[in-house]
Amino acid sequence: MGVFQVTLDQNMKALNSLDFSDNQFARIIPQSMAALNFLSSLNLSHNNLSGRIPTGNQLQTLIDPSIYAGNKDLCSAPMPNNCNDHENPLNTTSKNRNEEANKPNNLWFYMDIICGFATGFWATCLGAQNSTASCHERERLALLKFKHNVKDDFKMLSSWVGVDCCSWDRVRCDGSTGRVVGLHLRGYVTRIANASTESDYLGGKKYYLVGEDVNSSLAELRHLKYLDLSGNDFQGRRVPEFIGSLKQLSYLNLSNAGFSGNIPHNIGNLSNLKVLALSSLSCSQTLKADDMSWISGLLICPHLNTSRLLPNIKYLNLRDNAIKGRFPRVLTNMSSLVSLDLSGNILNSSIPFMPGLLRLDLSNNNNIKLDHIGIWRQCNLKELIVSDSNLEGEISGPSTNASICSRYALEMLDLSQNELSGSIPSSLGRLTGLRALSFGSNRLNGPIPEALGRLRFLEVLDLSFNQINGPIPTFSGPLIELQLSHNYLNCSIPESFGSLATLNNLNLECNQLTGPIPSSVGRLVALKTFSMSSNMLNGTIPLAIGQLTKLDFLDVSNNSLEGLVFEAHFSNLSMLNYLDLSSNRNLRFKVSREWIPPFQSRIIRLGSCNISDKFPKWVQTQKKLDELMLSNVSISGPLPTWLRQMPIISVLDLSNNKLNGSLTNLPSGEPLNWFKFENMGSLLYLQNNLFDGLIPKSLCTWIGMEILDLSKNRLTGNIPNCLTKLQNLRMMVFGSNELSGVIPSSLGHISSALSWLNLNNNNFTGELPKDMGKLQALSVLDLGGNDFSGKIPEWIGENLTSLMVLRLHKNNFSGQIPQSLCKNSYLQILDIAHNNLVGQVPHCFGELYGMVEAGHIDIRNGSGSDPKESIVQVIKGVNLEYSKTLDLVFNMDLSSNKLTGRIPEELMTLSLLVSLNLSHNHLSGGIPSSIGNMKALNSLDFSDNNLTGIIPQSMASLYFLSHLNLSHNNLSGRIPSGNQLQTLTDPSIYVGNKYLCGAPLSKNCSNQDDPTTTRIKNKYKEPGEPDEWFYLSVMCGLATGFWGVIGVLSFKKQWRHILFTFAEVKMDTIYVAIMVIVSKIR
């Protein structure tokens, strides 16, 4: 039970959507709600409101009676009940109070003049709902035919029984004639903001009709003035032709009703239409209007004066209707048009000047150009929206040529989510009536012009997600929302912010702000959002923060804040819903153990702060917690018993502390929001603590679990079979515990969405169960550091085709490497080192294209987690743990097995490999000469094999190589030099290769010792020079002759005796002859 506060809407000028439906609000709707100039969606239905519905400004455009349905004491337009003077609680005082809001300089004053039809229309035409006139039989039967032709699962038409159709819900009749004049059949669905499919809902309220078509019986309702079929599902059917025959229609809404195909041209004959909405949110069900003939009737009457067609149309919504090419010329002749929405189409031409138009929405037209829009030609426009349209180029300022525009009426300019560049022009200061300016999500640079600070009526400024630098100017306008996040602002937070008394939303996150948070922020009495995360702020948090009684969102995370946080910092923050002080390592909580916070927050993030020695008791008082992050806060001891009684928390992070004991005291109460818990998923991070004992079966009740990380604890026992209940699980990380036993086959049935399974560094044994092959969504499988045995299963390659990381490091797998692993074409990490594998390295490893060409698939496979999970890899001979940079790691490690044969040439095509380790095997042959193609190699280890031949010169082209080990092989020749190899001067790289020479070894190379030099010389020998085969034949002949004689003499003693006797006689004869000659000479 409650009443509206007048100040509520006065301070919410940026509000676009407001829903207070289905509550117990009482009394009047405040007139000041008419000042919500950007309000486009309103729902106050089903309360106890009374009195006259306010008029004026934006409320004039909201003429759907269902907005106010279920408030029986409300009267005046758009409701059919007239207000008598004695029924109107709005007294003279309230009228006087709002005279200022209705002065001619108000945003929608001119809209009041154009849109004043609404009050008279609903008050005089529809008549009173409680009139005694009953409906006509033909119309009643027509409505029943419609009812029987649709599927009404939500009982929207349950009251359509009996003889008086004028008493049925969603039907309005003329009070005097009993004719049906209004059908309010709007469906309603609340969708999840980030839902991936149209069937994903947040829960809450939803109702809609489903039908194959709209029954033509509604053509009997010839007096129908109001028809709303929006928000239903007519399953892609065409808009029925008979709607064009309902000549009295002044309001037609077919938006998001599941219609598709061309819009019937005869809708253009509805000359009384004032509001027409035909937008669509579905990509598969869109309306088309290629030539706009449905408006002009030009296909039928080519010489018709188009200014007389739809002469009363004021609000035209053609969003998402595939209107192509030039701007529809027929629209320029609709002089009554006040608001035109052509967003989500395919326009690619200039926009003409339309003097009566006050609001134009061209967003999501990706072919439109900045000069097509002619912003500074549209002098009369009050609102111009061209967001998300791929606009390029620099923004020019307003024209100074008075002949073009003597004065600009712009009050809202939205060019966000484009590709605009350059600086923000200072001449925007000429837009003196500007209330909202949005240039967010572009590529703008330079400082914020001081001229923007002088705009006296500026309420909303969004320059977020740009490249803006410099200081923040002083603002003099009544700012309500200031969005400057994700820029390069390099200044301190201005003290002048304290004068912005109307400021509701202040977002400066992700900049380069320095200095302390000024205490003047305590004067921002209207502030609800204060976001300063990811800057370089220092100093203490001012106690004045605790005076912001309306504060709902407080985020100062990821700064360098320090000092103590007291209870006084939160003394008046009773509305605080979101609290994030995380990643301020020198920030320390100093609150009593018995402290009871004044707030009931949904999200509390205090990671990497200093909380206390024990689990904070004040958490027990938080009954609405959806997320609690207490990672790395120095708490120790067991989980308190009271924690078990709390509802299951969707996101619970207690990682990196010194918590011990069992996990039985984890929250196990019923979740606050079962629908969200089951469909949005929950995350539980308990890694890197001292928890022991078994994995509790109570975890199996967290049926919405998406991420479960129990790694780096002291847990024992088996994996519980009941974990198969966690059918939403995406990541299961149990590594570095003391778990044991065989892997249960039930693990293969745990979740079809499981993408990350980490059981490394435990004591698991046995073979891998075949049912694990059913986990076809796996992208990471880490079973390293266990005692698994048997062959590497074929199903890893056959079934797990999405696998990107396979780590079987340090187990007892045996047999050959299965050829089926080559089907894991997305693999970027293959680590099967330290096993007992035999045989050759498969040549088909060259087909592991994930190591050849970079893909666009996230290793975490959309798990939605922060990069907390990591993979350990041995690179450069060191165990390295990769988490944030995991996507950049490409590694193949087959070391410490019993592999034989040559190194396949195909491995040299894996150009993305950062590390290749084939050490400690029995590989033979040479190093492939094409190894220089592996340009990304940072680490290469071929040590402890039987490799022979020379080291290829192409290895010198491995420019990123910083770790090399070729030791203990049979390599020979000169060690190559040049480029990166010049930096690898450690002789141990080559030790154990006795025929290697050259730097960095102490052994010099001579020509005969250097086969490399010999090979080069032979390559350039003179023409006609005998080649190596000539010398080889001579040597073979000499050897044959020598060993032919010596061999015979070795086996024939008699021949030896005869030969030696003959030799002795001959020697004596020769000696005598020589001596005779010598004596004669003397």
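Reader: What makes up the open sheet with the order 24-26-28-30-32?

Author: In this predicted model, that open sheet holds 5 strands, and their pairing is parallel.

Reader: Which are its edge strands, and what makes them so?

Author: They are strand 24 (392-394) and strand 32 (488-489), each of which pairs on one side only.

Reader: How do you know that strand 28 and strand 30 pair?

Author: Two strands count as a pair if DSSP finds at least two bridges between them. Strand 28 (residues 443-446) and strand 30 (residues 467-470) have 2 bridges, in the parallel sense, so they meet that rule. As for who faces whom, N445 stands opposite Q467 in strand 30.

Reader: What joins strands of a sheet in general?

Author: Strands of a sheet pair through backbone hydrogen bonds, and the pairing can be parallel or antiparallel.

Reader: Which residues of strand 65 lie on its covered face, and which on the uncovered one?

Author: L923 and G925 are on the covered face, with H922 and S924 on the uncovered one.

Reader: How many disulfides are there, and what makes a pair of cysteines one?

Author: The count comes to 5 disulfides. The cut-off is a pair of cysteine sulfur atoms within 2.5 Å. Take C700 and C722: their sulfur atoms are 1.9 Å apart, so the pair passes that test.

Reader: How do you know whether C700 and C722 are buried?

Author: Buried means a relative accessible area under 20%. C700 has 2% relative accessibility, so it counts as buried. C722, with a relative accessible area of 18%, is buried by the same rule.

Reader: What makes C822 and C844 a disulfide?

Author: Their sulfur atoms are 1.8 Å apart, which falls within the 2.5 Å cut-off. The torsion about this S-S bond is about 60°, so this disulfide is right-handed. C822 lies in the loop between strand 57 (812-816) and strand 58 (829-831), whereas C844 lies in the loop between strand 59 (836-840) and strand 60 (871-875). Both cysteines are buried.

Reader: And what about C997 and C1005: how far apart are their sulfur atoms?

Author: They are 1.7 Å apart, and the two residues form a disulfide. With 110° about the S-S bond, this link is right-handed. C997 counts as buried at 1% relative accessibility, and C1005 is buried with a relative accessible area of 18%.

Reader: What makes a set of residues a nonpolar core?

Author: They are buried nonpolar residues, such as Leu, Phe and Met, joined through side-chain atoms within 4.5 Å. The largest nonpolar core here has 235 residues, and those with the most contacts inside it are F530, L830, F845 and M892. Helix 5 (137-148) is among the elements that give two or more residues to this core; helix 5 gives the most, with 3 residues.

Reader: Which residues is F845 in contact with, leaving aside its neighbours within four places in sequence?

Author: Among them are I817, L821, C822, L830 and M892.

Reader: How much of the protein counts as buried?

Author: Of the 1082 residues, 53% do. The protein has 13 helices and 70 strands for you to explore.

Notes: Residues are numbered from 1 along each chain as its sequence is written. This is a predicted model: local features need pLDDT of at least 70, side-chain atom pairs count only at pLDDT 80 or more; totals for chains, interfaces and linings use all residues. Side-chain values use heavy atoms; hydrogens and water are left out. Buried means under 20% relative accessible area, exposed over 50%, partly exposed in between (1.4 Å probe, protein chains only). Helices (H or I, at least four residues) and strands (E, at least two) are DSSP runs, numbered from the N terminus. Contact means heavy atoms within 4.5 Å.
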